[in-house]
Every structure is written in structure tokens, then in C-alpha cells.
Amino acid sequence: MKKSFLLFLFGIAFSFLSFTQQTVVRGSVLDGITGEPIPDVTVTIEGTELTMTTDGKGEFSFTSNVPLGEQVLKIEKVGYETKRYPIVVNEGKTVDIEGMTLDYDPTDKKDLYTISISDDNLNSEDDGLTDNISGLLQASRDVFLSAAAFGFSATFFRPRGLDNANGKVLINGVEMNKQFNGRPQWGNWGGLNDVQRNQEFTMGMSANDYNFGDLAGTNNIVMRASKYRKGGRISYAAANRSYQGRIMGSYSSGLLADGWSYSFLLSRRFGNQGYIDGTLYDANSFFVAIEKKINDKHSINFTSIYAQNRRGRSTAITQEIFDLKGRQYNPFWGELNGEQRNSRIREIKEPIIMLNHFWDISDKVRLNTNIAYQFGEIANTRIDNGGTRLVNVDGESVFLGGARNPNPDYYQNLPSFFLQDPNPTAFDYQQAFIAKEAFVNDGQLDWNNLYEGNATLRAQGGNSLYAIQADVIEDDQITFNTILDADLAENIRLNTALNYRRLNSQNYARVEDLLGGTGYLDVDFFAEEDENISDQVAADLAQSDLRNPNRIVGEGDRYKYNYEIDAEVASAFAQAQFKYNKVDFYLGGNISRTTYQRNGLFENGFFSGGGNNGSFGKGEELKFTNYGVKGGFTYKITGKHLLVANTSMFTKAPGIRNSYSNARQTNATVTGLESEDIQSVDVSYIYRSPIVKARLTGFYSGFKNGSDIGFYFTEDLAGLGVDNGDAFVQEVLTNVERRHIGLEFGIEAQVTPTIKLKGAASVGQYTFQNNPNLYLTSVNFPGQLTFGDGTTNLKNVHVAGGPERAFQLGFEYRDPDFWNIGVTSNFFSNAYIDASNLARSANFTSDFDGNTFNDFDPVLAKELLKQEQFDSYMLVNVIGGKSWKVDDYFIGFFATINNVFDQDYRTGGFEQSRLANFRRIKEDQSGDNGPVFGSRYFFGNGTTYYLNVYVRF
């Protein structure tokens, strides 16, 4: 009995000793102003994988695998300024840091991001803006990526040369990238800033909890009702970049006692024009989320988003136009009845609804199941000047009509057109002067002329000559996925996901406005230009739908083209993460199946019948099986020094856009179409201390079997004979290889409690690595047209897409009295124009008969085809703000001024392919008065501002 009692006492003593020797780091986080506990604050011991969130009392505690010695405790939450606390951990001791504070961050960079990038992305993709990647980076706290998202964004800088089709955007774990082109449609959730502050960003191909990821990273926007803190916010913003005004109001209930929570937002953005003339803005956004916590294991969340956006577009302009009208010029608008009217309107109406189920199966296993439904349309308008009327001549149908291009920047309206001859006459100079004066003094679209032309024909019993056409994509998509997150052991974590998406996409042209006319004859007027065919054959070829010939359409009717695409994507993903004292590593894999099928609803006259070469009914079903593997590690040299590496190899199905050579008219698929092969590796050295944070990364990405399609009008194609080389073509590029290599560096230093210095740099080289295959298709010639060996000489040509080199220096000052100011200086260089593929094929050296030009000069040819490098430039940006606490309200403002010194610069551009052979380009480029078909450029904005005033409660 005595022996048993002694063993009992020994056991108690041993247990007590073990407890007292446990190493613990614990503490609490409070609001720096109110003193209230802050839940859901992320607390991390830097240099380790130890991270957790504070509970409802704002408290946290690390009790396992706590590292010893000097450590840095980082506390962060969206909407608050991140803080770091140096601590010293001794074995068997408890570090207790009660009452750490976080201060509300009044300078909401999410708002700055939205004004500078997201709204610009609402332009159509041929504006060259939608591929900007900065939106993916807005949730990142990485030093370099923060600069890329906010400091470099105005130049359309692409980190690592990647566009946003190389990144994933999720909402509540559901992928939002479009199947059409692989890119997220930012406008689908525009104007919802206040409810998009909870974001989880994973850089590059590193371990991600939700999906396999992509080279540019993955950003998951958490829009659960229970994740929003209780309170509301009302704000008003004024700007001169995209919109002129924005009003927004939001409120969230927080988690109520009965387990319910809700959040809602309303906003409106408006403006007659942004920085570019005539770019109207009219947008309304609505969001609601309702969540029910059923019990400790189950929660169900419903989210609904409707972000309608209607916006006037602009376009790239030539240097001649820039010299005459400046960078704010936009040819798409003109005055009608005393008001601006833009002919190119882009309207987005695609509501999203989703249901999310969260199941904590145990304290180590979590299952998230989601279903989402998105529907609606994206419509882009333009002027249709091909209106005709049907007449009978000697018993045969003949179409009369068609009009000159009404755009004010049409090349025949510019001075260079009249001075293109080597020796202009006095009359030529007179005409050029008249054209210049008319363009400088007006140069806008003449709406009255369009209405008058239609009125004249209406009075004669004819159809509309002009109409407003909308190119419509009407999508209906359902997405289902289930995501498992399991802690298999204390240091092993498993992530798996199953995903399925089904899309029905209807694509058609719609008559938006007859411009005072009575109807529009649905035929292709240009089909009659071939003199070698009979009028009856031409009449059949001209039909948009042979099953309904010569029909008159009215406003709201579909015409010209009408087809649908059925697409399905099923994928499975698995990933294991392993965490140890000195090394963490992960391995992941993905497999997917993608199918596309076109179903023609019109039978086009040029492609009669069905099947793969026809236009009516279902064509070939395209099938792609894809895979991916990735892995990486973090080696913890010390708590301050880390070495991180990631590598991946995967294949990627082409988007719908690049799978069909001319989807509007035929079922024909791209010849030689394959999935793209992608390989990547990046290695980083990371340094973190209480004062300094820095990262240096070297990266490589290789792409093979890429594809691309372009659409344009060109002249003098080789091999088609005299006067037969003009055509509107579809240019198909396959077997494209690219290489992206470079270095990234970011550093910031908290030199005093109030002053932070920061710097960032990116030096890259993004080039084509082979000569891709090129062929053309057109209704103007049969089959596929190739030149020489069927390739285009793109090897070592730079991939266009923003500057390859970018540098930033800046500072921030944050005063204890809650005001702040920051200045950054950003330098950019080595940006290149998008080169013409056709001009670098054998078409360049070939005459109309296919033989080499007898005056071909290789030295001059090399100079003519030299890829243009844009001038370097520097942009200075300023940001500042102030906030006050008045009773239970927080009132504040913040503002930014971009391009303080009004710098002129080019953000991008492309060579026109209208002229694509040696003789024609030489003639056009050698003129003393400038080229008629010179390159077109996108110019950056001058000085712009953004001011936001808010009340938070």
C-alpha cells in the first residue's frame, strides 16, 4: 500500500514537472482603438509553419513544436496593419504576450487596386487589357508582389511575363476562370470591395488547399457571411481614371446567437467618361450572403452576386493619331442630340449564385462541398455598315448597299493617306491639310450621318444601311466541387478535391439599334465581290442562314452568326504537405478531362451542310486529357533565413477561343491542336526579421504546343494571283514555344516605428523559342493557306506584354495620430511591341505569284522587321490618408495620385498585319510623311487621382 502511494505521488510529480517544462507561446490581440478582442487574427511564428487564428476572445496558444531562441511573432488580419513582435523562447518556459494590438488600416489598397486594374479589365480582350495579372496579387503580403499589384499595375506589368490566364481566381473555393479563354472575368464581381477583403493567395505553384493551381498563383476570395466582422461601412469615391464616382454601402451581422449570420452590399459606379474621352461608366453591384451554423460540425452558406456593368470602350491608336489628338483620344464616340454616345459598349450581366456546405467531420478532417450556377451575357457593340437591299435584275437576285467605314480614324480620313506617294502633288498636300484640320477640330463619330443615311433609304422603301451590332456570349454554367482537408498526423496534411463544370455557351450577333431604319437584310454584302461566280451562287454564299434566306431582322433579333458550345471539365486533385523542424515539403498531382463541341444553329452560305467542315448542327467533339505534378520544399536555415523551391510539370487544354479556326461560321477545328505543355521551377531566398523583410527569387517557365488565333483584314497575300490577295482572315498559330526566365527581388525595412522603406525589382526575358506553324483560313479562298515551310520566324522574338524590367523605391510614413503618406518611384524598361506573325512568314518575301520579290533586300528586310522596343519611363505615385474615431464611428479618407509628373508612355501595342510583305511594308515605312498602316499603341494615363471618404461603424 505504501509502495503504491509512493508511485502515485511520483506520477503526480512527474506529470506536474512535465507540464511546467512545456514550452508555450500564448497571448491575445486587441483592437488598438477600441480595446476589444479581435477574433480570426492570423498569428504566425515566422520562419516556421506554426500558424493559427485567435478565438472569440482574441486569444491564441502554441504548445507543440515551438522553436527555441529568438523568434518573430507576426499578427495580421485583412483591414488591419500587420505587426511583428520579437520574442525569446526558452525551453520549458511560457512566453505570454497579452494585449498585443492591431490598428485599423484606413488606406484600403483593395480600393486602389479596383480603380486602377479591375475596371480597366472590363474592356474587351482586343483592347489588350484583360490579360493583366495584378488582380490575382492583391491579397498577397509578399513584398515584391505587393509592388507588382499596386505600384506596377498602371503599366500592365506581368510578373514573370504571365497573364491572368496563368492564374486561378476562386470564390468560396469555386473556380471563376472562363472556359472561353481561361481568364477570370473581373467584371462579374466588380464594385464589391467591402466584402472581398478576406482573400487567400498562394504564390505560383506552391502548395494550395483548394486546387492544383497555376504558374501565376491562386487567389481564393472568401465570401462567407460568418467570416465578416460585425458592422457596416458607407463610402463615396471620386476619381478620373475609370469612373467619376462610386457610392457603396455594406453591413454584416457577425455570428448571431442563433447561429445565423448575414452580409449585404449595394454599390453604384458612374461617370460620363474616365481619363480616356467618351468612356462612359454605368455599373450597379449587389451582394448578399446568408449562413446558418447548424451545429459545431455543419454550416451552410448561400452567396449571391450580381454586378451589372456597362462601359464605353476605347482602342489602340497610331503615332500619327497620337500626335494630332493626344493620348485621351477615342474614335468610338460622337455627339448625338448634345450628348456623348459611344459605338463600342461592353455590357456584362452574369449573376452568380452558390451554396456552400462546411462539415468539420472531426477536429482533424474538414470537408467543403460547393455548387455554383452562373448565367447571363456579355455583349460588345459596334457599327455594322454592311446593310443592303435585295433587287431583281434580269431574273436574278442582286444585293445593293454597303457603306464606307464610318470610323473617324479610318485610314482614308488621315493626312498620311493623301501623302503616301513618293512625290506628293500640291493637290495631295491640300487634301492632307483639309483632312488634318477636320480631324484635329473634330475627329469624332458622326452619328447624324448614320441616321440620315438610314432615313434616306427608309423613305425609298429600303432597309437600314447602318445598324448597331452586339456580339453576344450567353453562358449558362453549373459547377460542383468537394474539397477535403485532413490532418493525417501532427506534421502531415492531405488536401484533395473533385471538380466538375458544365457550360452551354450561346454565341450570336444581335441587332441592338437600327438607327432609325425599318429592318436589316441578313446577308453578307461582301460575298458578291467575286466576279468569277454567278449572282445566284453569290446570293447563296451571302446567306447567314441558308434555312432562312434573305430574311429581314429587327431590333433584338439574332443575325449573322448563331451557334453554341457545349463544354465539360472534370478534374481530381491531391496534395500532401509534410512539416518538420528544418524542412517542409509538399507533393501534388492533378488529372482532368476537357471536352468541347460546337453546334451550329445557322447554316452559313460559305459552309453549307453539317459535319466538321459545315456550319449546321454538331461538329467534332474535341477531347483533352491533362495531367500535372508539382512539388516543393522550404529549408529553414534559421528562423530568419529560408530557402524555398517549387517545381511543376503539367499540361493544359486550349481554351474554346483557340480551338476553332472560325467558330462564327463553321464547325472546323484548329489543325494540329494539342494541349499546352508547361514546366516551371523557382528558387527563393527569404530573409525575415523584426525590421527587414526580403525575398530574392530566380524563376524559369517553359511552354510548348501553345496555340493562338487572330482575326484581321490583310492585302496582297502571296500565291493568290494579281488583285486576289485581299482577304479577311483567321490566322492560326500552333506549336508555339516560349521561355520565361528572370529574377525578382523585394525588400522592406521598418527603420523606425513610423517609417518604412521599400524596394522591388524584376528583371526578365520572355521570348519565343521556335518558329511556330502558321496557316490562314478565309471565305475568300478555299482551304488553308500556308507560306513556304508553313512556319513564321518568331524564334528569339520577345513576347509582348508589358515591361520586362521594373524597379521601385518608396517609403511609407504612418503617424500615431492615424494619418499616413507614402511615395513610390517606379521605373520601367524593355517593353516590346506585339510582332506581326504574318509579316515574319514566307509571305513577307513572296510576290502575288508565290515567287520571291526580284528587288528583295535581306539587309533592309531585317531592319523593317526589327521588333520595336518602347522607351523606358518613370512614374511617381503618392498615397495618403487620415482617420478619426467619433464615438462609435470611424471616419476617414484616403487618396492617391498616380503619375504625378504626367509622364507620356506606352503600355503596349501591336504591328498591323494589313501590309505583310517586303515591298508593301517598305513603301509604307519609307514615306517622308509617316506610314499609313503604322503600328497601333496603347498609351498610359496621365496624372490621375482617386479619393475615398468613408464611415465605418
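Strands are DSSP runs (E, at least two residues), as helices are (H or I, at least four), and both are numbered from the N terminus. Two strands pair if DSSP finds at least two bridges between them. The model is predicted: local features need pLDDT of at least 70, side-chain atom pairs count only at pLDDT 80 or more, and totals for chains, interfaces and linings use all residues. Residues are numbered from 1 along each chain as its sequence is written, and side-chain values use heavy atoms, with hydrogens and water left out.

Strand β8 (residues 168-171) runs antiparallel to β9 and is joined to it by two bridges. Leu170 stands opposite Glu175 in β9. Both strands belong to an open sheet of four strands, ordered β9-β8-β11-β10, with mixed pairing. Its edge strands, β9 (174-175) and β10 (199-202), each pair on one side only.

A nonpolar core is a set of buried Ala, Val, Leu, Ile, Met, Phe, Trp, Tyr and Cys residues joined through side-chain atoms within 4.5 Å. Buried means under 20% relative accessible area, exposed over 50%, and partly exposed in between (1.4 Å probe, protein chains only). The largest nonpolar core has 32 residues. Those with the most contacts inside it are Leu717, Val729, Leu776, Phe781, Phe787 and Leu838. At least two core residues come from each of β34 (692-714), β35 (727-750), β36 (755-768), β37 (773-778), β38 (781-785) and α11 (918-925). β35 gives the most, with four residues. A second, separate core of 23 residues includes Val511, Tyr559, Tyr596 and Leu622.

Helix α11 has Phe918, Ile921 and Asp924 as its buried residues. Seen down the helix axis, they fall within an arc of 140 degrees (taken from the directions from the axis to the C-beta atoms), so they line one face of α11. These buried residues pack against α10 (858-864), contact meaning heavy atoms within 4.5 Å. Asn917 caps the N-terminal end of α11, with a side-chain oxygen 3.2 Å from the backbone nitrogen of Arg919.

Aromatic pairs number 36 in the whole structure. Rings of Phe, Tyr and Trp (its six-membered ring) pair if their centres lie within 6.5 Å; planes under 30 degrees apart count as stacked, over 60 as edge-to-face and the rest as tilted. Phe578 and Phe585 are stacked, because their ring centres lie 4.7 Å apart and their planes meet at 15 degrees. Phe578 is buried, at 18% relative accessible area, whereas Phe585 is partly exposed at 32%. Phe144, Phe152, Phe157, Phe828, Tyr873 and Tyr905 form one aromatic cluster.

Definitions and conventions. A polar contact is a pair of N or O atoms within 3.5 Å; within protein, one must be able to donate a hydrogen and the other to accept it, and residues adjacent in sequence count only if both atoms are side-chain atoms.
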